[in-house]
Amino acid sequence: MNHVCIYNVQAPAPASPYGDLEEVLRRAATKDRTVIMTQINLAWTKPGSLLDLFFESFRLGEGGVSRLLDHLVIVTMDPAAYEGCQAVHRHCYFLRTTGVDYRSEKMFMSKDYLEMMWGRNKFQQTILELGYNFLFTDVDVMWFRDPFRHISMGADIAISSDVFIGDPYSLGNFPNGGFLFVRSNDKTLDFYRSWQQGRWRFFGKHEQDVFNLIKHEQQAKLGIAIQFLDTTYISGFCQLSKDLNKICTLHANCCVGLGAKMHDLRGVLDVWRNYTAAPPDERRSGKFQWKLPGICIH
């Protein structure tokens with residue numbers, strides 16, 4: 001008697017269009033599905049470059065800020081940057097793109113710069129669609145203390161300010177997308193879709209300008225809560241916090257060119273290193289100040 005054996009063979013799961021992204025996010029995320037993200041290319045990963053300064057700020061930081069590196073995903077834009085990332089960090093992702101050579105520094109507002117910034121924006125939308133909250137940080141942001149304590153639980157979006165006018169919920173503040181927290185929900189997904197559409201509505205503008213142009217209409221339409229972060233704590237060269245006892249992060253914004261950023265951020269880290277080594281009473285006295293002026297910092 002012939003026996004017919006039937007095997008239940010499952011079809012292989014379709015490959016994710018994002019490669020290993022979901023696995024990288026799962027490993028890096030906090031319990032509430034939040035990741036910290038930065039984005040780099042080869043020009044920013046060479047020894048002694050911005051990525052080294054970025055990591056050093058976490059190591060020199062206070063209040064256990066270095067533990068946040070466990071939740072940092074470094075998004076790399078070219079194979080050499082991915083290889084460099086893997087040598088120094090656990091959570092690396094290679095974002096495959098076409099049409100732009102991402103290995104070199106992109107000059108502000110050039111065609112390649114705009115392509116890179118809008119690609120970053122689209123990738124952030126993907127993170128939200130996968131159900132993760134994110135805190136995006138440019139790699140030229142120095143992390144000294146945990147910034148999450150300054151992000152309101154009620155905010156759908158919390159964004160840093162080039163100029164902060166005193167009211168965190170006033171749309172009169174000037175945003176900077178180089179430090180941006182977004183919760184994954186229906187409102188923020190709708191906001192990002194409109195933001196991407198704004199690339200073509202306001203052709204030739206970068207994503208930060210388009211955020212500024214759509215923030216009023218989108219808040220009215222979606223009821224989205226947008227918090228602008230106080231530059232006393234989430235600071236930058238545009239509007240510099242002079243209080244080292246309060247500052248959490250410092251962004252080399254209002255500063256064009258890798259060399260200028262590197263010069264001034266090295267000076268920032270020198271001051272911070274001396275500050276953290278000083279006795280508590282000296283630190284409280286306010287005697288420690290940034291080295292001013294630098295190339296950009298003032």
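Analyst: Before we start: two strands count as paired if DSSP finds at least two bridges between them. Keep in mind that this is a predicted model.

User: Fine. What makes β5 and β10 a pair, then?

Analyst: Three bridges join these two strands, and the cut-off is at least two, so β5 and β10 pair. They run antiparallel.

User: On to the cysteines. How do you know that Cys 85 and Cys 92 form a disulfide?

Analyst: Their sulfur atoms sit 2.0 Å apart; the limit is within 2.5 Å, so the pair qualifies. The angle about the S-S bond is -85°, and the link is left-handed.

User: Why is Cys 85 called buried, and what about Cys 92?

Analyst: Buried means under 20% relative accessible area. Cys 85 has 0%, so it counts as buried, and Cys 92, at 4%, therefore does too.

User: What makes Cys 238 and Cys 254 a disulfide?

Analyst: Same test: sulfur to sulfur is 1.9 Å, and the rule asks for within 2.5 Å, so this one passes. Its link is right-handed, with 100° about the S-S bond. The pair links distant parts of the chain, 16 residues apart: Cys 238 is in the loop between β9 (234-236) and β10 (249-251), Cys 254 in the loop between β10 and α7 (258-277).

User: Is Cys 254 buried or exposed?

Analyst: Exposed: its relative accessible area is 54%, and the threshold is over 50%. Cys 248, by contrast, is at 2%, so it is buried.

User: What about Cys 255 and Cys 296?

Analyst: A disulfide joins them, S to S 2.1 Å, with 70° about the bond and a right-handed link. Cys 255 lies in the loop between β10 and α7, and Cys 296 in the segment after α8 (280-284), so the bond ties together parts 41 residues apart in sequence. Both Cys 255 and Cys 296 are buried.

Terms used. Residues are numbered from 1 along each chain as its sequence is written. This is a predicted model: local features need pLDDT of at least 70, side-chain atom pairs count only at pLDDT 80 or more; totals for chains, interfaces and linings use all residues. Side-chain values use heavy atoms; hydrogens and water are left out. Buried means under 20% relative accessible area, exposed over 50%, partly exposed in between (1.4 Å probe, protein chains only). Helices (H or I, at least four residues) and strands (E, at least two) are DSSP runs, numbered from the N terminus.
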